Amino acid sequence: MDSFEKKKTDLIKQFNILKKNGPIRIEKKTSNLFRNRNQVSKPKLNVRNFNSVISIDTKNHVVDVEGMTTYENLVNETLKEDFMPSVVPQLKTITVGGAYTGGGIESTSFKYGFVHETVLEAEILLSSGETVVCNSTKNKDLFFGYPNSYGTLGYVLRLKIKLIPVKKYVHLKYIKTNPEKMFNKMDELVKEGPLDFLDGVVFSEEESYIVVGKFTDKAPYASNYTYMKIFYKSIKERSEDYLTTLDYLWRWDTDWFWCSEHFLVQKPLIRFFWGKRNLNSKTYHKIMGLNAKYKLMDKMPIKKKETESVIQDVEIPLENAYKFIKFFMEKIGIWPVWVCPTKAYKKNVKFDLYITNPNKLYFNFGFWDQVPLKNKENEGYHNRLVEKEVLRLNGKKSLYSSSYFPEEEFWNVYNGKKYFQLKKKYDKNKVFLNLYEKCVLRK
């Protein structure tokens with residue numbers, strides 16, 4: 001019995017004991033989940049040791065990997081063979097299974113779509129205590145229905161993911177523009193090609209930058225943004241840059257995009273003493289987790305402003321992208337904003353719980369900050385404004401963070417009819433919570 005099979009057998013034994021006592025929850029959540037949940041004292045399913053790369057098939061460009069493997073560990077293994085997963089989410093500690101279950105995107109998404117579009121096969125633990133393998137021909141209703149289910153239809157143990165070949169360096173070019181022109185310019189770049197990476201940053205109502213990346217075998221230099229230099233600031237300071245492929249993939253991780261500013265580590269002296277080994281998403285996420293658990297900030301002897309956490313990623317079609325950023329400028333007003341284009345990898349494929357138009361280019365807007373509550377608005381006021389505008393503009397909102405949808409609206413947006421068909425088939429005894437309970441009610 002190989003290592004994966006042994007771990008699977010042990011997990012099923014644990015699972016069958018736990019499921020007798022109500023909805024099962026996972027002991028270790030995926031690191032890109034920014035949604036506080038009600039704490040429960042009962043035992044949780046321990047899946048931590050499903051964290052290995054099983055095999056890399058360089059001939060067919062496929063990696064077989066366990067669900068709790070972080071992208072940092074996965075990339076470390078695939079780069080040894082001069083390959084990378086075709087979509088690598090921005091933060092090292094995001095898990096492969098988490099990105100498949102809840103959604104993942106990055107600067108190759110204009111070409112390959114979301115993470116789940118690059119998954120070729122998955123093995124999922126069902127509420128019955130059995131595991132099933134699903135792909136585009138076998139158990140395909142589960143295969144195409146599982147993304148955006150957030151573990152409410154089962155738990156993914158293993159995946160096969162599409163790989164792409166890499167070169168040693170990435171050459172970056174920075175194109176200065178403004179938000180009004182940015183989206184059509186990025187659409188032109190996608191159509192013109194060839195390019196390997198594409199994303200951008202909106203710094204203000206007047207200033208934005210498009211970042212175009214291409215693989216290259218040689219580079220006159222290689223910049224390093226893993227310690228004292230800050231990547232997002234460099235975008236405004238230079239017209240081009242070179243990074244090793246490894247450093248490019250984690251260019252946002254060192255400063256958690258720009259959110260490290262909240263920990264004061266963008267100040268040179270503090271950054272120096274903080275140390276290179278602590279400049280990463282794992283550290284920041286750990287601090288946030290401790291704060292959520294122990295309310296550390298509430299114990300600080302400082303006067304606090306009333307704020308609302310607005311941590312969201314949304315996808316808006318090209319024709320409405322500028323309309324969204326105009327709304328954002330007026331109603332939310334936090335900067336910078338990350339922009340990442342995405343388009344369906346295969347036009348004839350539909351993922352039932354996160355449907356987008358396969359013929360359209362969408363733009364992911366990522367924004368993560370605190371917004372002042374000026375008029376004593378209720379919790380969720382600004383987040384709800386975002387949700388309404390996203391729907392008005394025919395977009396989609398990721399569910400990894402806090403959501404405030406009314407239940408009827410939620411199920412209309414996320415295909416409740418299909419979801420409950422899948423739920424009845426794969427979790428008829430309600431061993432797992434449903435999607436609304438988990439993502440909106442935070443159970």
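**Cysteines**

I started with Cys134 and its surroundings. Cys134 is buried, at a relative accessible area of 0%. I keep in mind that this is a predicted model. Next I searched the whole structure for disulfides and found 0. Cys134 is in none, and its nearest cysteine sulfur, in Cys439, lies 19 Å off. A disulfide needs the two sulfur atoms within 2.5 Å.

**Aromatic pairs**

I turned to the rings. I count 41 aromatic pairs in the structure. I looked up two of them in detail.

The rings of Phe114 and Tyr354 have centres 5.7 Å apart. Their planes stand at 90°, so I log the pair as edge-to-face; the cut-off for that label is over 60 degrees. Where do the two residues sit? Phe114 is in the loop between α4 (109–112) and β4 (119–125). Tyr354 is in the loop between β12 (337–342) and β13 (362–372). The pair therefore ties together parts that are 240 residues apart in sequence. I then looked up accessibility for both partners. Phe114 has 7% relative accessibility and counts as buried. Tyr354 has 8% and counts as buried too.

Phe197 belongs to strand β8 (residues 197–202), and Phe215 to strand β9 (residues 208–216). So this contact ties together parts that are 18 residues apart in sequence. I find both Phe197 and Phe215 buried.

**A ring cluster**

Which residues do ring pairs link into a cluster? I list Phe183, Phe324, Phe327, Phe328, Trp335, Phe363, Phe365 and Phe367.

**Charges over rings**

Last, I looked for Lys and Arg side chains over ring faces. Lys236 lies over the face of Phe203, at 4.8 Å from the ring centre. Arg251 lies over the face of Tyr248, and there the distance to the ring centre is 4.0 Å.

**Recap**

I note 0 disulfides and 41 aromatic pairs.

Note on methods. Residues are numbered from 1 along each chain as its sequence is written. This is a predicted model: local features need pLDDT of at least 70, side-chain atom pairs count only at pLDDT 80 or more; totals for chains, interfaces and linings use all residues. Side-chain values use heavy atoms; hydrogens and water are left out. Buried means under 20% relative accessible area, exposed over 50%, partly exposed in between (1.4 Å probe, protein chains only). Rings of Phe, Tyr and Trp (its six-membered ring) pair if their centres lie within 6.5 Å; planes under 30 degrees apart count as stacked, over 60 as edge-to-face and the rest as tilted. Helices (H or I, at least four residues) and strands (E, at least two) are DSSP runs, numbered from the N terminus. A charge sits over a ring if NZ of Lys or CZ of Arg is within 6 Å of the ring centre and within 35 degrees of the ring normal.
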